Structure formats: C-alpha cells, structure tokens
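Visitor: I am new to this structure. Please take one part and look at it closely, then show me what lies around it.

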Amino acid sequence: MPEYLKLRFGGERIRVFLAIIQLTMNLFAHITGEMYAGILIIQIVLGWNIYASVITLLILTAIFTVAGGLTAVMHTDALQAIIILLSAAVLMVFSWIEIGDYFTFEGRYMDAIPDTTVAGNTTCGIPTADAWHIFRPVDAALPWPGVLFGIMILSTYYFCTNQVLVQRCLAAKDISHSKGGTILAGYLKILPMFLMVWPGMISRILYPDIVACVDSDVCNEACGNAAGCSNVAYPLLILGLMPIALKGLMLAAMLAGVMSSFTSIFNSTSSIFTIDIWKRIRPKASTREEMVVGRVFVLFMVTASILWLPVLEAFGAGQLFVYLQSVTSYIAPPTLSCFLLAIGWERTNEQGAFWGLIGGFIIGGTRMILDFVYESPGCDEPDTRPGLLANFHYLHFAIFLFLASMLITILISLFTKPQRKEELYRLTWWTRHSTEPRAEHEIDIKRKTEKPVSMVDVATCTDEDVVEPENKDTKPSEEIEDSEKDVKQVDVHEDRDTWTSFKLWASNWICGATSQTSEKEQQIREERAISLEEDPKWARIVNINGAILLVVGGFVWGFFG
C-alpha cells in the first residue's frame, strides 16, 4: 500500500510516513488485539494467567509460522474458516435450544441482571431497550451516526487500504479471483449477526454474573479483569453448551484462527518495515538480510505489544471491541482519506496528500494520547474527563477526522502545483485502462539530479559495486561456476559437507528464503499481475454477486435498524 502512494505521488516521504502509520496501527491494534483474543481462549480453557498464555500462544504461532508464508496462511485460513463456520452454526443451534423462541429470548435478555450490582445505582448491569436496534440514540454507547458513518469509514480503511487484508487480494491469480474472494468475504460478514451477536446475548442470559458483571471485585474474580468480563461471553458459551468433541474442535479452530491472523499480521509488518523503511537505510541489502531484519522487527513489535496488554485490559470497560474501534478511529481516517483522493481525484498532489496525512495523524494522535491518559469512568463513577473526551464519541471523532484530513489535502492541493497528466496513467480510477507510457514524477527527476553522493551511499555499497582490477591468476567466471558445481557434487556422506548443507537448508528455512525464479517467469508474473482483463463469464458472475450482496446487506441493515 505505501508502494502505491510512491507510484501515485512520487518522492519518498509519503511512502515512509504511511509505513510508520500502518506499523503503529499494527502495534496498537492488530498484534495486541489478536494476542489478547488468543490469550482469552487459553485463559478460559486452561485457567492460566496472562503471561503464561502469551508465551504459549507465541510458541505455537512461531512453530506454525517459521517455515510458512502468505500461501501457507491462506490455505490454513480456508480450512479453519470452514471448521469455525460449521462449529459456530452448531453452537447457535444449541444456544437457541437452550433458550427457546425469539420472544422468550427478548424477555430473558432484559432480565439478565447480575446478582451483584453497584450499590445505589439502578442502571449498572441492566440491559437497555435499544439493545434490539442497530440505530440507537446519539447519547447511547454506540450512537447511530457513528455506527452508520463512523464504522463505515473504519471498515473501508480496514478492508480496502490495510496491508493485512489487501495483500491477500494482491496474491490472487487475476482480478476475477480477487473480486470473487472479496465478495465471498462480504457474504460471510453478514453471518456474525446470527453466529456471534445472538449467541453472545444468550451467553449473558445464561451467565449474567460473569458476562454482565459490574462490580470490579466480582469481575476480577470471574475473569481476571476488573474492568469487565464481556470478552469471555463466547468462549463461556462454547464450554457450557457444546459436546466435548465439538468443544475441543472449535476451541482448537478458534486458537488456530487467531494464530493464522497473527501470521498474516507478522507478514504484513515484516513486509512494510523491510520494503518501505529498511531498504531506505540499506538500499543494497540482500534478500537474506531483509528476511532476518523483518523477523527481528516482528520480535520487537511482539515484545512491545506484550507490554501494552495491561493498557488494553483496562481500556473501555474492558471491552476488546471498544478498544480496537477506538484506536482505529484515531489512526485510520487520514489514511483512507489519502487513498480515496489519490484514486478518485486527479488534482490531488504530493504536498496535499502528505500534509493531509500529517495533520490527521497529529489530530488523531492527540486524541488517542488523551484517551489513554484520562481513564474511562466506571458505571457508578462521574465522568471528570475533558469535554473533548466525555462528549465526543470515538466514532463521531472518526467522521470528523476523516473530513478534516480530506479538507486539508484538498486545500493544499488546490494551492500548489498539480501533477502532470502523464504521471497518473493507471494510477487513478479514471486512467486505470490507459496504455500510455507513464512519465517519471518531476519530484523524482529533480531529486536524482540534485542528490550528491553521501556517506550513506558509500557505507551501503556492497562487493557488487567494487570493480576489481584484472588479475591473470583469477579464474574466469565460467571456471568459477564449474568449480561451484563440482563442490555441490561432492559425496554427501562426508560429515563436513552434510553438516554444511544442513546449516544452509536450516538457514533458508528459518529466514524464509526461497529459490529465485527466472527472469522470464518473473516477467510473465508481472504482466499477469497488472492486467485488468477478465474472462467475460466470470466477470459477469462476480458482478451479479456483488449486486446481490449489496441488496442483501441493505435489507439486513434496514430490518434490524
């Protein structure tokens, strides 16, 4: 994703800054959130503390990840998705058998009040009538403008501009495969209402003293989190209702799903850091060096995420959903604004995009820091936070931040020099089918002509850059290649050569290094990757399904609104 902005605007600062933003998002939201979700499963099943669960999760993920890559992640994801969907459907059936019909469900949910409530307060722990509607009052925990527009901004960012998700589309064989996978994901996103939300509400009915606890001492004893226990609603339901065989299968699939998501995030984090940041520091870095640096950086991110876990536990009444949506609201909108304007408005230039990102990041970062400094009050406590926090919902803030970033970008773009038309071929929506040769950006041409040779350039040169003087005693390249082939053909039973071969294999395995493809194969792959051509039959199928998905999604929103 940063690479696209480099092609669209030229220069390096937008690409590097966006890489920093996405790494920040990975640290505070994706890695920490996935880690906490996996910890919850281990804690509920085995009763371990948070750090023992973290170590176990990381060891399992390392075993799962070390020899894999994006391909392995996608194959395992497909299998785990089938297991989780079938198991979730079975759990939903068992939940409804336990409750009865829908009218009984409504009545029992409204009566799902914990035995221990906050003294002197008649609202803490008591369900509200708007629990049965998606569109709720402006002063509710999830106000309707925030749900309709705020979450739409966050979801569009996550599914359309986040490296973790977009890299899967980029790995598709062609654009029809990419569209088909995206539409299938859209169909699957309708299911959580029935497979997750309803069972979660039934879990509150069956276990009100745990899921709906409000007293900090009771919550701490029940789930180890004084802020609240709503995060354990689904695992509790699995342990309480599922048959033993299905119980183990689903918990294993959920844990494997978390590890698979972990692997996807690790891949994207490693890719962003090595390609968009490390290559700026070490332009001549080898593939092996990039692999090692990427893994070391992931280790750093994981360590930082572990240290951040206590903050996540205490944030937003202990609700993982609230934490993830809040952090995304403070970081994501400027990125989405930049991409939408880059794709849809050709007048957007490098200066406007850069300062739109900078301005949005400063505004959002300030709000996020204040949110962590001023702790959210409990149900029975007065809200003493500044008005910017107490009266400005994080989803409403996401809308404001998105519009503010867009306004900054538009204004600066209008008051600065526009890009040349020939620089934009195949980089905007309107020029996506262009066959004209794309011109190099003026900013890049200027940088090349003005850039002096620096100490960094000297320090990063490799042996390939050094021209050796001719030496008659030196073997010609053909003889060197022949001698290398002879070395490879030495008897493998010799201890030293076997040990050397094993070390080389182990090094490649751990570092994720693979054999290089030929230049011709690479050219064919690149031509196929940039082609927008589709088989007419499959193009028609995916387009019809896209229209059906929009209709079904609109109906569900309207029906439950």
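Guide: One term comes first: pLDDT is the predictor's confidence in each residue, on a scale from 0 to 100. The model is predicted, and that score tells us where to look. Among the elements of the protein chain, helix α18, residues 394–414, has the highest mean pLDDT, 96. Helix α20, residues 455–459, has the lowest, 40. Let us take α18 as our part.

Start with its partner. Helix α16 covers residues 350–373 and packs against α18. The two axes lie 7 Å apart. The angle between them is about 155 degrees. Angles over 145 degrees count as roughly antiparallel, and α16 and α18 are therefore roughly antiparallel to each other. Their crossing is right-handed.

Now look at the residues that meet. On the α16 side, they include Gly352, Gly356, Gly359, Gly360 and Gly364. Gln351, Ala353, Trp355, Ile363 and Arg367 of α16 take part too. On the α18 side, find Tyr394, Phe397, Phe400 and Leu401. Then follow α18 along to Ser405, Ile408, Thr409, Ile412 and Ser413.

Next, the loops. Proline 386 sits in the loop between α16 and α17, the latter being residues 387–390. Its relative accessibility is 32%, so proline 386 counts as partly exposed. Aspartate 371 is 15 residues away from proline 386 along the chain. Their C-alpha atoms are separated by 9.9 Å.

Another loop runs between α18 and α19, residues 442–450. Arginine 426 lies there. With a relative accessible area of 35%, arginine 426 is partly exposed. Its backbone deserves a glance: phi is near 65 degrees, a positive value in a residue other than glycine. Most residues other than glycine have a negative phi.

Take care further along the chain. Over residues 453–481, pLDDT stays under 50. The model has 14 contacts beyond four places in sequence for that stretch. Residues 483–496 also stay under 50, with 5 such contacts. Where pLDDT is low, the predicted coordinates should not be read in detail.

Helix α8, residues 175–188, and helix α24, residues 536–560, cross at roughly 25 degrees. Their axes come within 10 Å. α8 and α24 are therefore roughly parallel to each other, and the crossing is left-handed. Among the residues that meet are Ile183 and Tyr187 in α8, and Trp538 and Leu549 in α24.

The other pair is helix α6, residues 144–160, with helix α15, residues 320–344. Here the angle is about 70 degrees and the axes are 9 Å apart. That makes α6 roughly perpendicular to α15. This crossing, too, is left-handed. Residues that meet include Leu154 and Tyr157 in α6, and Pro333 and Leu336 in α15.

Finally, step back to the nonpolar core. The largest one has 111 residues. Leu5, Met35, Leu57, Phe105 and Ile238 have the most contacts inside it. Helix α2, residues 13–46, gives the largest share of this core, 17 residues. Leucine 5 touches Gly10, Ile14, Leu18, Cys338, Phe339 and Ala342, leaving aside residues up to four places away in sequence.

Definitions and conventions: Residues are numbered from 1 along each chain as its sequence is written. This is a predicted model: local features need pLDDT of at least 70, side-chain atom pairs count only at pLDDT 80 or more; totals for chains, interfaces and linings use all residues. Side-chain values use heavy atoms; hydrogens and water are left out. Helices (H or I, at least four residues) and strands (E, at least two) are DSSP runs, numbered from the N terminus. Contact means heavy atoms within 4.5 Å. A nonpolar core is a set of buried Ala, Val, Leu, Ile, Met, Phe, Trp, Tyr and Cys residues joined through side-chain atoms within 4.5 Å. Buried means under 20% relative accessible area, exposed over 50%, partly exposed in between (1.4 Å probe, protein chains only). Axes are lines fitted to C-alpha atoms, for helices over the stretch in contact, and angles run from 0 to 180 degrees between N-to-C directions. Angles under 35 degrees count as roughly parallel, over 145 as roughly antiparallel, 65 to 115 as roughly perpendicular and the rest as oblique. A crossing is left-handed if the near helix is turned anticlockwise from the far one by less than a right angle, and right-handed if clockwise.
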